[in-house]
Amino acid sequence: MRLSLLAATCGMALSLLATEASAQKTRLTVYTALENEQLAPFKQAAEAALKDVEIAWVRDSTGVITARLMAEKSNPRADAIWGLSVYSLLMMDGQDMLHGYTPKDAAALKPAFRSAKSPMTWTGMDAFVSAVCFNTVVAQQKGLPKPTTWADLLNPAYKGQIAMPNPNSSGTGFLTVAGWIASKGEVPAFDYMTKLHDNVAVYTHSGSAPCNNAARGEYAVGISLDMRSVTLKNQGAPIDIIVPTDGVGYDLEGTAVVKGTKNQAAAERLADYAVSAPAMALYGKYYAVLALPGVTSEVKGYPADFEARMIAADVTKIAADRDRILKEWGSRFDAKSAPR
Amino acid sequence: MSDLAARRPGEVSGEMPGAPVRLVMSADARAMQIGLALAGLFLAGALVVPLALLLWRSFEGPDGTFVGLANYITYLSTPSLASSIWNSVWTAGITAIIVVPAAFLYAYALQRSCIPLKPVFRAIALLPILAPSLLPALSLIYLFGNQGMLSPLIGGSIYGPWGIVVAQVFYTLPHAILILGVALSAADARLFEAAEVLKASRGRILRTVTLPATRFGLVSSVVVVFTLVVTDFGIPKVIGGQFNVLATDVYKQVVGLQNFNMGAVVGMLLLVPAIGAYLLESWAQKRQSAAFSGRAVPYTPMPRAPRDLPLLAFCTVVSLLLVGVVAVAVWGSLIKFWPYNLTLTLENYDFGRFDSSGWDSFLVSLKMSAAAAVIGSVLVFVVAYLLDRGPKGGVLPPLVRLATTLPLAVPGLVLGLAYILFFNQPGNPLGFLYATLGILVLNSVTHFYTVCHLTATAAIRQLDAEFEAVGASLQVPVWVTFWRVTLPICLPAILEIAIYLFVNTMTTVSAVIFLYGPDTKPASVAVVHMDEAGQASAAAGMAVVILGANMIAKIGQLGVGAVVERFTQGWRRR
């Protein structure tokens, strides 16, 4: 009797200890716009590497997460950001919302993939490109040629068959436009968009909608990010992903520690992990271009010169011009209210 | 909503002319005054202050300096943005023109005819509000999109303003049917007898007896439909193509550009039609005399084929359309991939494969909706009671009353943003609520407050104010009268409010998308996430699960309601 009581007490003490140990884990609230299917593997890998840190994701689309971060400015709730567009990070940096911290080994990152400040305010993870989701079934029905360049999309055959994200509603839309401006120059880029406008059926409010629409055959062509297509193809959507060969818009995804976090030490360790070689290998399962030289991606099918061209673009300058570019875009194309 | 939006029959609205002067004990008066002050405090904290904080930003520049009307001038002088105002107004207007007469006929058939299967028709009319708005949007794409099954019939696709109107008709019809159903439920048979004796034609009876008695219901249904359309952004976002309306402008400014100042400008403009509607409604309320006095004889329809058969046909057609839209979405949740692989599968319901929170988000939604239902119904009812029976003097009652009408006009996105700015303010003693289930519950109760309040008020006004007078003369404190008389009698209405809050909290997206935390993502948000990730079938699946839960809740309400009625409503029977 007494023995079993003792055993029970010991058992309770042990279980208390166990809870104690798990309670010592630091719970990091991490805001992200990563794709849904990446959340579980990323969390698992980081927790395994950092041991005593628990990742609690808040995931939403780039626009919603950025709006939340900006609205929470006076009292930040996120400890860290892991997997958010560099344009959002730069906007936050401009308002002094990111904590300056140079992660261990961050100097090894390619220069285009890290903050120029010292200490750094953000570090890059990977890049992905704007691409064309092309529905082969619709194309066959309507006799549409397969485009290989952005210029191909000006072919009148595509009239009413192109969906593109509205850059005023969607981060993806802005990246696409920024990509054209970076590769063509601003004036030719707007000329291009004016011609493209005649073929566009709809400017959507969500960045994923154009590829989703192309996959469902609503339109033959959806301008989107290559990332979006994986899930759709796996479900059996008859789409080809085309990375146009004449200039690419792209997005960098990055990591940052939020200024004012109560878990600064743990957040900094997450930032360390985010630039490490094992983390880069993880990103490489999903993304073609990685921030750390020497890690090879498992994703194939990118133009060979893509990276060289990408590096030439000046992300910071485009970010600074964001308001002006969007205003110009809005006044030229957004007033088109009635769909054709 | 529930049968409520509406429970404001003509007879009970207005200031109850001839209500006797109440002999209220001063202790009661004081208690109710304090209660009213607490109610005011609650509405201030949950609605007015957060909203004011956000709307004030419409007068500020990006750096926080006061800029007066500069933002408004910028907004109105941008052609694409200003056209949104007109687009919002005309789509909402056309929707109201289609919905209100159709809802009137449908409600008329339910209340004033002898068609069979009334409970079935009544239930089907509710379907659209039990499902997240993505569900009809997906069905419409499957039916009338560029690959739609029925697109050849309409010779084009649904995208654009007409798609918005069609989807909004579907979404707002139940609200109008509920309001008009209540307005038509009370009729004085003596008037009809008198008209018939005087040999008035059917048309003349409709014009001079039926319509005037439902004028208030008609005006409120127009107001509710109009406001719902103007503030909804889910439907224009999915179906509208790039047809700009005010609600998508808010989205663009807040989510696309993170320009909260401009978002506040649009939010402010959205309040204008709503306040106009509020004024129109109070005007209609004043003109509506008490048509249903204590001596009225309830009207009971007699079978009459020339009236009943066309109405039956009409209700059947409308019901088939509503069921059809839902059925297409249910089917959509069971196929592999629209439109290229229509193999049936149950895999789409294994939500863990598509969304990291899996089925957990459904549990979060259930908890959040149950809490909103329980807390909200009690709160709303007590506040409505205090407003109707409490002291009328002073500035407090009209202010509180105005605050109860505001939420209907505030788009969810605006309310969500206002909540971040207010509850996340450093030093706000309520800050502990942030990112918890608590703030989601509070937000939902506030967001759906107006219709609940109207229902509660209508129920309370059915009770003669003499109850309190008698109680007072018997030296019974007012809260005892409230607890032992008012509450039991109004139990069915309270139940109705609870279920209204439940089903709406289950489907709400726009406000909570800014407020959920790592462990509190609701199912309705998961629906949007899965759809955005390209998992339309899984998104439809979760939407169907939400619809199922809401149907069970509604059926449960009918069951419990029958029992409650047995024990508390005997006095209504003759």
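Ala435(B) is buried, because 22 other C-beta atoms lie within 10 Å. A residue counts as buried with 20 or more other C-beta atoms within 10 Å of its own, as exposed with 12 or fewer, and as partly exposed in between; the C-beta atoms are placed from the backbone. Ala435(B) sits in the loop between helix H17 (412-423) and helix H18 (437-447) of chain B. Helices here are DSSP runs of H or I with at least four residues, strands are E runs of at least two, and both are numbered from the N terminus.

Phi of Ala435(B) is near 65°, a positive value in a residue other than glycine. Most residues other than glycine have a negative phi, and most peptide bonds are trans.

## About the model

This is a predicted model, in which local features need pLDDT of at least 70 and side-chain atom pairs count only at pLDDT 80 or more, while totals for chains, interfaces and linings use all residues. Residues are numbered from 1 along each chain as its sequence is written, and chains are lettered from A and ligands numbered from 1 in the order in which they are written.

## More backbone exceptions

Asp96(A) also has a positive phi, about 60°, although it is not a glycine. Asp96(A) is exposed, with 11 other C-beta atoms within 10 Å. Its place is the loop between H4 and E4 of chain A.

Pro119(A) is found in the loop between H4 and E4 of chain A. The peptide bond from Ser118(A) to Pro119(A) is cis, with omega near -5°. In chain B, a cis peptide bond joins Trp338(B) and Pro339(B), with omega about -10°. Pro339(B) lies in the loop between strand E1 (335-337) and strand E2 (341-344) of chain B.

Chain A comes to 14 helices and 10 strands. Of its 340 residues, 50% count as buried. Two residues are in contact if their C-beta atoms, placed from the backbone, lie within 7 Å. Take the contacts in chain A with a separation of 6 or more: residues 24 or more positions apart account for 74% of them.

Chain A is divided into domain 1 (25-127 + 252-299) and domain 2 (128-250 + 319-334). These bounds come from an automatic or database domain assignment. The C-alpha centres of the two domains lie 27 Å apart. In chain A, 12 residues of domain 1 are in contact with 10 residues of domain 2. On the domain 1 side, helix H3 (62-71), helix H4 (86-94) and strand E4 (123-135) of chain A each give two or more residues. H4(A) gives the largest share, 3 residues. By class, this side has 6 nonpolar, 4 polar and 2 charged residues. Nonpolar means Ala, Val, Leu, Ile, Met, Phe, Trp, Tyr, Cys and Pro; charged means Asp, Glu, Lys and Arg; the others, Gly among them, are polar.

## Where the chains meet

In all, 53 residues of chain A are in contact with 49 residues of chain B. Several elements of chain A give two or more residues to this side, including helix H2 (36-50), strand E2 (53-59) and helix H14 (322-334). H3(A) gives the most, with 7 residues. The chain A side has 22 nonpolar, 21 polar and 10 charged residues.

H3(A) packs with helix H12 (residues 246-256) of chain B at an angle of about 70°, with their axes 8 Å apart. The axes are lines fitted to C-alpha atoms, for helices over the stretch in contact, and angles run from 0 to 180 degrees between N-to-C directions. H3(A) and H12(B) are therefore roughly perpendicular. That word covers 65 to 115 degrees; under 35 is roughly parallel, over 145 roughly antiparallel, and the rest oblique. Gly63(A), Val64(A) and Ala67(A) of H3(A) make the contact with Val254(B), Val255(B) and Gly256(B) of H12(B).

## The nonpolar core

The largest nonpolar core has 284 residues. Such a core is a set of buried Ala, Val, Leu, Ile, Met, Phe, Trp, Tyr and Cys residues joined through C-beta atoms within 7 Å. Ala80(A), Leu270(A), Leu417(B), Met542(B) and Ala543(B) have the most contacts inside this core. Helix H7 (residues 161-185) of chain B gives the most to the core, with 16 residues. Domain 1 and domain 2 of chain A both give residues to the core, so it lies between them.

Leu417(B) touches Ala71(A), Leu54(B), Val254(B), Phe260(B), Gly263(B) and Phe514(B), not counting residues up to four places away in sequence.
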